[in-house]
Amino acid sequence: MSSILDTVRDPLATALENITASVYGSPPETIIAPACSILPNSPYLENVLIGKTTIKVKVNLIISAIVAYNNNAGALNNLEELMIEILEEIPTNYVIGNFSRPSIITVGTGNFLSSDLDVYTYYHQT
């Protein structure tokens, strides 16, 4: 039986491995910037089926682009470059939304500049 991990999240993470950042297919415990993390969005899974013969769901994800927040202008430039790299590598079977306004996040003792991209695709259980 196929899974969302095998058919949605892992292929997306593999496609993003060409960018110049650490790529995390699930929420990481620690972040090594620059980074790209694939996270569930809300709603995460939307039912798209009639009857119960086939399970089909819309899978809503967030791709977080994350860079070190060392100085304002440099961090914003680095984030913009990472955002463009991510857009260039997303597979064609994903629908791409917009990047959110950049915000400062703190993970552990580090500050990072981050922006989230909404994407979705469909999963059919086989």
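**Ser37 and its surroundings**

Reply: Ser37 is in contact (heavy atoms within 4.5 Å) with Tyr24, Ser26, Pro27, Pro28, Ile62, Ile63 and Ser64, once its neighbours within four places in sequence are set aside. This is a predicted model: local features need pLDDT of at least 70, side-chain atom pairs count only at pLDDT 80 or more, and totals for chains, interfaces and linings use all residues. Residues are numbered from 1 along each chain as its sequence is written, and side-chain values use heavy atoms, with hydrogens and water left out.

Ser37 sits in strand β2. Helices (H or I, at least four residues) and strands (E, at least two) are DSSP runs, numbered from the N terminus. Is Ser37 buried or exposed? Ser37 counts as buried because its relative accessible area is 2%. The cut-offs are under 20% for buried, over 50% for exposed and in between for partly exposed (1.4 Å probe, protein chains only).

Now the strand itself. β2 covers residues 35-47, and the loop between β1 (22-24) and β2 holds Pro34. A cis peptide bond joins Ala33 to Pro34, with omega about 0°. Another cis bond links Ser42 and Pro43, with omega about -5°. Pro43 lies in β2. In a regular strand, side chains alternate between the two faces of the sheet.

Follow Ser37's partner Ile63. The largest nonpolar core has 26 residues, and Leu12, Leu16, Ile63, Ile86 and Ile90 touch the most other members. Such a core is a set of buried Ala, Val, Leu, Ile, Met, Phe, Trp, Tyr and Cys residues joined through side-chain atoms within 4.5 Å. Two or more residues come from each of α1 (4-16), β2, β3 (56-68), α2 (72-89) and β6. β3 gives the largest share, 6 residues. Apart from this core lies another, of 5 residues, among them Ile31, Ala35, Ile66 and Phe112.

What does Ile86 touch, leaving aside its neighbours within four places in sequence? The list is Leu16, Ile19, Cys36, Ile63, Ala65, Phe99 and Leu117.

Next, Ala21. It is in the loop between α1 and β1. Ala21 counts as buried because its relative accessible area is 18%. Beyond four places in sequence, Ala21 touches Pro34, Ala35, Cys36 and Leu82. The C-alpha atoms of Ala21 and Leu82 are 7.9 Å apart, though 61 residues separate the two along the chain.

Gln125 is in the segment after β6. Gln125 counts as partly exposed because its relative accessibility is 30%. Not counting residues up to four places away in sequence, Gln125 touches Met1, Ser2 and Ile55.

Follow β2 into the loop between β2 and β3, and you reach Lys52. Lys52 counts as exposed because its relative accessibility is 80%.

β5 (residues 103-107) and β6 (residues 110-124) pair in the antiparallel sense over 5 bridges. Pairing requires at least two DSSP bridges between two strands. Ser103 stands opposite Ser114 in β6. The two strands form a hairpin with 2 residues between them, and Gly108 in the turn has a positive phi of about 65°.

Finally, the whole chain. It has 2 helices and 6 strands. From the N terminus on, the order is α-β-β-β-α-β-β-β. The C-alpha trace spans about 55 × 30 × 25 Å along its principal axes. Of the 126 residues, 33% count as buried. Among contacts between residues at least 6 apart in sequence, 55% join residues at least 24 apart. The chain exposes about 7300 Å², with carbon and sulfur atoms supplying 52% of it. Those areas come from the Shrake-Rupley method with a 1.4 Å probe; for residues, only the protein chains shown count as cover.
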